[in-house]
Amino acid sequence: MTRVLYYGDNLEVLRKYIGDETVDLIYLDPPFNSNRDYNLLFREQSGEPAQAQIKAFTDTWQWSERAFQTFKLECPNPRLVELVDGFVRTLGRNDLTAYLVMMAPRLIELHRVLKPTGSLYLHCDPTASHYLKVMLDVIFGARNFRNEIAWCYTGGGRSQRYFGKKHDIIFFYSKSDEYIFNRDAVRIPYGIDVSKRKSLWAWGKHKGVEKAYAPHPEGKIPEDWWTIPPVNSQAKERLGYPTQKPLALLERIIQASSNEGDLVLDPFCGCGTAIVAAEKLRRQWIGIDITHLAIALIKYRLSDMFGLQERKDYQVIGEPTTEAEARALAQQDRDEFQKWAIGLVPRARPYQQKKGADTGIDGVLYFQDDPRDAKKALIQVKSGKVSVKDIREFAQVVKREGATLGLFLTLEPPTEPMIREAEQEGFYTTPLGNRLLPRLQIRTVAQLLSGEGFLIPSTALLMGVQQAERVAPNAGQQQIPLE
Ligand SMILES: C[S@@+](CC[C@H](N)C(=O)[O-])C[C@H]1O[C@@H](n2cnc3c(N)ncnc32)[C@H](O)[C@@H]1O
């Protein structure tokens with residue numbers, strides 16, 4: 001049973017880990033070249049949407065001559081090189097062509113890993129869809145183009161200067177003419193009482209004989225425009241991850257184009273909608289994302305919805321598992337190290353820093369150990385040298401913010417004076433079992449990796465992000481919501 005999450009750049013992960021013709025279905029929802037940052041919205045302990053946001057990922061591309069030349073050198077498909085070269089010559093070297101140069105080698109790899117009976121669904125919007133479709137025609141062959149699905153929705157703002165831009169595009173390609181399409185798994189009602197409407201009957205000839213075709217008793221195969229509701233601010237499934245797609249959309253795709261036990265891959269998996277839809281429908285799955293935030297969210301989602309636990313039920317590859325790997329991550333990208341390290345503290349979330357201001361807080365978690373109010377623990381993460389001064393300053397921050405606990409997480413081991421300074425902060429007595437918890441706790445990354453966590457009243461942890469609803473064990477049998 002394959003159930004794997006990869007942290008990393010999908011191009012590297014695909015090349016390193018995913019074998020030729022091993023995947024049954026690919027769904028990808030890459031950034032669309034929208035030229036903006038996407039923020040994760042947190043919920044406060046009251047359940048209200050919080051002001052706090054943190055950058056989840058960036059959808060801004062910059063031209064890189066090196067990336068372009070590398071693509072040209074490495075690409076095994078000369079027609080694709082010619083096409084992308086043509087885009088660059090006609091459109092120029094800019095953010096759009098940078099985006100196309102990023103997508104081209106990834107689409108090549110996705111085609112490679114797809115089984116001959118497999119299908120690919122590429123989710124995009126009209127910003128770059130026309131270029132992506134030509135690239136897909138070159139890679140898959142135009143004869144394997146199956147649908148351009150318009151996912152239509154309403155809501156949100158609209159311009160006064162043009163028609164509301166309220167649909168996304170999903171290209172559906174198969175690798176060959178022999179592909180899975182479970183039409184009966186995705187039928188939807190005709191929308192009227194078909195027994196009374198003779199107009200729905202169709203007449204035609206079968207082997208030269210006139211025949212009347214009655215409407216199917218279980219409904220029609222959906223058209224290529226879908227009106228599944230988006231994940232709006234009131235949606236129960238909303239986790240706060242920007243660009244989160246509805247579960248019903250992914251369930252339809254997975255039911256139509258794979259069977260139970262098949263392997264589904266999402267190489268830009270975000271908060272893991274395709275992953276949880278695959279799990280719900282009893283498929284195997286692989287998810288890849290380049291941010292620790294997304295991987296942390298998927299872990300919570302898998303636990304909340306299905307009770308799945310890392311290592312026992314699924315694997316995470318690419319995240320540091322040893323102190324040396326953590327050190328390498330810290331050297332490579334301090335920001336990602338910080339987000340990853342905060343993910344080691346159950347249910348903690350990164351803290352939004354105001355631009356230019358260092359508040360001394362890197363993460364926060366809420367817990368409730370009495371019925372009256374939620375309490376706050378602040379987290380500080382250090383990847384460099386640490387001294388007693390850091391503990392003194394952090395103790396001040398914890399007091400200033402009225403937090404109950406301070407959790408100091410360091411890559412380097414603490415010195416004796418640091419430990420003594422932390423002990424001076426005394427204890428907090430949690431009403432849960434009347435336990436004494438040190439107000440300022442120090443742990444090294446190595447300790448957390450070996451399971452020696454901070455002392456927090458763990459039965460009462462509250463999530464910083466919206467919690468996913470639990471899924472009943474037989475939910476995979478359910479029909480998807482009707483349009
Ligand atoms: C539009 S979001 C996907 C949302 C997802 N469909 C969902 O429902 O949550 C795109 C995701 O791609 C990730 N991403 C961007 N570039 C990537 C890369 N080179 N490799 C892996 N993931 C990447 C971003 O971090 C982001 O989470």
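**Notebook: strands, helices and a ligand shell**

I began with a strand pair: strand β6 (residues 145-152) and β7 pair in the antiparallel sense over seven bridges. Strands here are DSSP E runs of at least two residues, helices are H or I runs of at least four, and both are numbered from the N terminus. Two strands count as paired if DSSP finds at least two bridges between them. Across this pair, Trp-151 stands opposite Asp-168 in β7.

I noted what I was looking at. This is a predicted model, where local features need pLDDT of at least 70, side-chain atom pairs count only at pLDDT 80 or more, and totals for chains, interfaces and linings use all residues. Residues are numbered from 1 along each chain as its sequence is written.

**The sheet**

I then looked up what else β7 pairs with. Six bridges join β7 to strand β5 (residues 114-124), and these two run antiparallel. There I found Leu-122 opposite Phe-171 in β7. Buried means 20 or more other C-beta atoms within 10 Å of a residue's own, exposed means 12 or fewer, and partly exposed lies in between; C-beta atoms are placed from the backbone.

I wrote down the whole strand order. The sheet is open, has nine strands with mixed pairing, and reads β10-β6-β7-β5-β2-β11-β12-β1-β13. Which strands stand at the edges? They are β10 (225-226) and β13 (315-317); each has a single partner strand, so one side of each lacks a neighbour in the sheet. At the β10 end, β6 and β10 pair in the parallel sense over two bridges. Ala-150 stands opposite Trp-225 in β10.

I picked Ile-286, found in strand β12 (residues 284-289). Ile-286 is buried, with 29 other C-beta atoms within 10 Å. Leaving out residues up to four places away in sequence, Ile-286 touches Thr-2, Val-4, Leu-263 and Leu-265. Contact means that C-beta atoms, placed from the backbone, lie within 7 Å. I also checked Ile-18: its C-alpha atom is separated from that of Ile-286 by 9.5 Å, though the two are 268 residues apart along the chain.

**Helices**

I turned to α3 (residues 78-91) and α4 (residues 95-113). Their axes come within 10 Å and cross at roughly 175 degrees. That makes α3 roughly antiparallel to α4. Axes are lines fitted to C-alpha atoms, for helices over the stretch in contact, and angles run from 0 to 180 degrees between N-to-C directions. Under 35 degrees is roughly parallel, over 145 roughly antiparallel, 65 to 115 roughly perpendicular, and the rest oblique. Among the meeting residues I saw Phe-87 in α3 and Leu-100 in α4.

Next came α7 (residues 273-280). Eight of its eight residues are buried, so α7 is largely enclosed by the rest of the structure. The buried residues of α7 include Glu-279 and Lys-280. I found β2, α6, β11, β12 and α8 (292-306) among what covers them. Just after α7, Arg-282 takes a positive phi of about 60 degrees.

**The ligand**

Last, I asked how many residues surround the ligand. There are 19, and the closest are Asp-29, Phe-57, Phe-268, Gly-270 and Thr-273. A residue is near if its C-beta atom, placed from the backbone, lies within 6 Å.

How values were computed. Contact = placed C-beta atoms within 7 Å.
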